[in-house]
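Me: I'd like to learn how to read salt bridges off a model. Can you walk me through it?

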Amino acid sequence: MKRANIKVPVNIDLAQFSEIVNPAVDTENRKILRKIVMDFWNDIDTQTWDNLNTYFLDNATINWNNTNEQFNIEEFIIANREYPGSWVIKIERLEVMNNLVISVVKVQLKDDNTSFHATSFFEFENDKIKMLNEYWGSDEIAPQWRLERKIGKAITS
C-alpha cells in the first residue's frame, strides 16, 4: 500500500510548545499568572469581595457553563457574595500555559459535608482576567448502577 505524502499545517510556536510540555520551564509570566490565580482563590475563600474586581479587565466575561450563565464582573461578585453559606476553598491543581491558567479547586461548605469541584479556565491580557470559563460539579457517590456493576473504584476513601 502506498502512503500518501500529505503535509498538515500546524500552527505551533515551538518555544511556546516546549513551555507547555515542560513544567520545569517557569517563566516570570507563568509565576505572575499563577500568583494572581492563587490570590484570586484566596480572596474568594476569605470572602474578600471588594478585591475581586481588581483581577479583571473592565470588559471581562465570566461564564458558568453548567448553568448556561454569563456574568459581567459586578454580577459575578454579587452571585458569589450572595451564595448561601460559608465555605473553604482548596486549590488542587494549577496549570499555566502562555496566557491561560487552568485551576481545579475543591469548595467545601463549612457547616456540612456538601462539596463541589470547579475547573476554571482563566484567559489573561496584561495580567488581568479577560475571560473566565468555569465548570462546576457536585461531589457525590457514583451512580447506583456503577456501584452494582463494580465499575471503577473510589479515588479517595
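**Salt bridges, pair by pair**

Reply: The structure holds 3 salt bridges, each being a side-chain nitrogen of Lys or Arg within 4 Å of a carboxyl oxygen of Asp or Glu. This is a predicted model, where local features need pLDDT of at least 70 and side-chain atom pairs count only at pLDDT 80 or more, while totals for chains, interfaces and linings use all residues. Residues are numbered from 1 along each chain as its sequence is written, and side-chain values use heavy atoms, with hydrogens and water left out.

Me: What's the general idea behind such a pairing?

Reply: Side chains of opposite charge can pair when their charged atoms come close. Here, Lys-35 pairs with Asp-39, with 2.8 Å between the closest N and O atoms.

Me: How many residues apart are Lys-35 and Asp-39 in helix H2?

Reply: They sit 4 residues apart in H2 (residues 28-45), so about one helical turn separates them. Helices here are DSSP runs of H or I, at least four residues long, numbered from the N terminus.

Me: Which residue does Arg-93 form a salt bridge with?

Reply: That's Glu-95, with the closest N and O atoms 2.9 Å apart. Glu-95 is partly exposed at 32%.

Me: What about Lys-130?

Reply: Lys-130 bridges to Glu-125, the closest N and O atoms being 3.8 Å apart. Lys-130 is partly exposed at 36%, and Glu-125 is also partly exposed, at 36%.

Methods: Helices (H or I, at least four residues) and strands (E, at least two) are DSSP runs, numbered from the N terminus. Buried means under 20% relative accessible area, exposed over 50%, partly exposed in between (1.4 Å probe, protein chains only).
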